[in-house]
Amino acid sequence: MDVEFLLRRQAVTEWRDRHLFHAVSTINTAAIKARIDFDALLAEAALVDSIWDPSGFVFGRIDSLMRKHLTGKLDAFLAQAAEELRVIEARFDLLAEALTASASTLTFPEAAIAPDESVSEAAQFRLGANYTGGGILTNLRSLSLAVRDHSLARTARAWSTRASKSVATRAEAVGKSLHDRMGLYDRLRRKAAERIATAWMGDVGSPIPLKAQLLVLIDDVASEARSY
């Protein structure tokens, strides 16, 4: 019985299990921070985002936050894992190098962030043909342009300046009140959690979720190392 071989296999198995857990923990920590940061962005959500297109508001923002909190973390994680592999056995050096280099091959979910004032065709249909996506302030600006050359333009502009400030304040308060009262912020939070659970921490998908990529990578390296 080759005791050294058995001990090396056991050490590789322990290395694999430890780093599988560490991979999940690294992504989960980033997810916690991303969801906290996402809460600070909820004030940007228009009512139409919450009701008709929550995915359009959520996906690009939560993906961007996840990348932000994982930047540098995965490189450091894989470099540390590779170094520990070398400690187990010098012959694992090539595997360790491949593991470190694999950081550049990982694929991150990357949904685009929709323009702040964009509204889907379906949303425009539901909200009415006159809705332009800009809310009360945009409508006020359009009105201001329409009356610019009117004989009462100066009076209208003076009134609009005062009124728009009042309208903006009230619109913001009403918007937040509606969101809170109807649970729409919670809907966006749930959508963010779902995005993380599927695109970042899921087991299957296209592209393959980041967690699954890391787990397969660690397991494959461990399998190769155990066969030495």
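Q: Why is helix α4 called roughly parallel to helix α10?
A: In this predicted model, α4 (residues 73–88) and α10 (residues 210–226) pack at an angle of about 15 degrees with their axes 12 Å apart, where axes are lines fitted to C-alpha atoms over the stretch in contact and angles run from 0 to 180 degrees between N-to-C directions. Angles under 35 degrees count as roughly parallel, so α4 is roughly parallel to α10. The helices are DSSP runs (H or I, at least four residues), numbered from the N terminus.

Q: What makes up the contact of α4 with α10?
A: With contact meaning heavy atoms within 4.5 Å, Leu74, Phe77, Leu78 and Leu85 in α4 meet Leu210, Leu214, Leu217, Ile218 and Val221 in α10. These residues divide into nine nonpolar, no polar and no charged, where Val, Leu, Ile and Phe are among the residues that count as nonpolar.

Q: Why is glutamine 213 counted as buried?
A: Buried means under 20% relative accessible area (1.4 Å probe, protein chains only), and glutamine 213 has 15% relative accessibility, so glutamine 213 counts as buried. Glutamine 213 lies in helix α10 and touches Thr105, Leu106, Thr107 and Ile208, leaving aside residues up to four places away in sequence.

Q: How do you know that the span of helix α1 agrees with its 39 residues?
A: The expected span is 1.5 Å times one less than the number of residues; for α1 (residues 3–41) this should be 57 Å, and the end C-alpha atoms are 57 Å apart, which agrees.

Residues are numbered from 1 along each chain as its sequence is written. Local features need pLDDT of at least 70, side-chain atom pairs count only at pLDDT 80 or more, and totals for chains, interfaces and linings use all residues, while side-chain values use heavy atoms, with hydrogens and water left out.

Terms used: Helices (H or I, at least four residues) and strands (E, at least two) are DSSP runs, numbered from the N terminus. Angles under 35 degrees count as roughly parallel, over 145 as roughly antiparallel, 65 to 115 as roughly perpendicular and the rest as oblique. Buried means under 20% relative accessible area, exposed over 50%, partly exposed in between (1.4 Å probe, protein chains only).
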